[in-house]
Amino acid sequence: MSEAKQFDISKKAVIAAFQAVKENAGSYGVDEQTIKEFEEHLNNNLYKLWNRMASGSYFPKPVRAVEIPKKNGGTRILGIPTVEDRIAQMVAKMYFEPLVEPMFYNDSYGYRPNKSAIQAVGQARERCFKRDWVLELDIKGLFDNIKHGYLMYMVEKHTQIKWLILYIKRWLTVPFIMSDGSVAERRSGTPQGGLCRARHKPPYDEINVMTR
């Protein structure tokens with residue numbers, strides 16, 4: 001890096017993270033700033049974000065809560081971070097994902113690079129000719145109830161990168177801003193909708209060199 005900072009975060013990673021977030025599109029957060037508006041002062045905005053992340057002074061804004069109706073009744077809450085926070089999360093994803101990706105089975109298709117639901121359906125179609133039974137398991141309310149302490153234990157099992165651990169903790173505990181303006185503190189769970197999976201493969205080669 002050209003400037004001495006507490007954490008070694010690549011400026012190129014921040015730029016690549018913005019491109020991934022822009023490609024994924026998505027709504028605005030509590031500050032109501034759209035991707036287009038963020039892009040109007042792109043260089044300045046990305047530099048400020050990198051500077052705060054690299055110095056340890058980055059704190060995410062509260063998450064905008066949006067209620068989405070379920071098919072079987074009731075609602076589920078999506079948490080929509082600001083554009084800036086989505087970029088920061090994408091930076092973390094680019095560093096962390098290559099560390100944990102080798103741990104998954106080949107037949108695990110959810111939220112993985114170069115994997116899709118279409119591929120999962122194809123695998124199920126192939127196996128339905130070999131088996132006449134299906135085993136379905138689901139953890140009710142997983143995203144809403146997962147314990148932060150246990151989740152951080154698993155994160156620290158796979159990385160000791162200090163800024164990753166620091167910012168993941170901060171993302172887990174930022175409050176929801178509900179539709180009526182009230183603030184809902186979070187002591188467990190992780191927001192659904194926080195970061196859409198990148199539709200293209202992020203530039204891992206540079207990141208891998210930095211995290212080995």
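This is a predicted model: local features need pLDDT of at least 70, side-chain atom pairs count only at pLDDT 80 or more; totals for chains, interfaces and linings use all residues.

Residues are numbered from 1 along each chain as its sequence is written, and side-chain values use heavy atoms, with hydrogens and water left out.

Entry one. I looked up helix α1 (residues 11–24) and helix α3 (residues 42–55), which pack at an angle of about 125° with their axes 10 Å apart; helices here are DSSP runs of H or I, at least four residues, numbered from the N terminus, and axes are lines fitted to C-alpha atoms over the stretch in contact, with angles from 0 to 180 degrees between N-to-C directions. That makes α1 oblique to α3 (under 35 degrees is roughly parallel, over 145 roughly antiparallel, 65 to 115 roughly perpendicular and the rest oblique). From α1, Lys11, Val14, Ile15 and Phe18 meet Leu42, Leu46, Tyr47, Leu49 and Trp50 of α3, contact meaning heavy atoms within 4.5 Å. I sorted the residues of this contact into eight nonpolar, no polar and one charged.

Entry two. For helix α7 (residues 148–158) and helix α8 (residues 162–173), I found that the axes come within 11 Å and cross at roughly 160°, and α7 and α8 are therefore roughly antiparallel to each other. Here His148, Leu151, Met152, Val155 and Glu156 of α7 meet Ile165, Ile168, Lys169, Leu172 and Thr173 of α8. The residues of this contact divide into six nonpolar, two polar and two charged.

How values were computed
Helices (H or I, at least four residues) and strands (E, at least two) are DSSP runs, numbered from the N terminus. Ala, Val, Leu, Ile, Met, Phe, Trp, Tyr, Cys and Pro count as nonpolar, Asp, Glu, Lys and Arg as charged, and the others, Gly among them, as polar.
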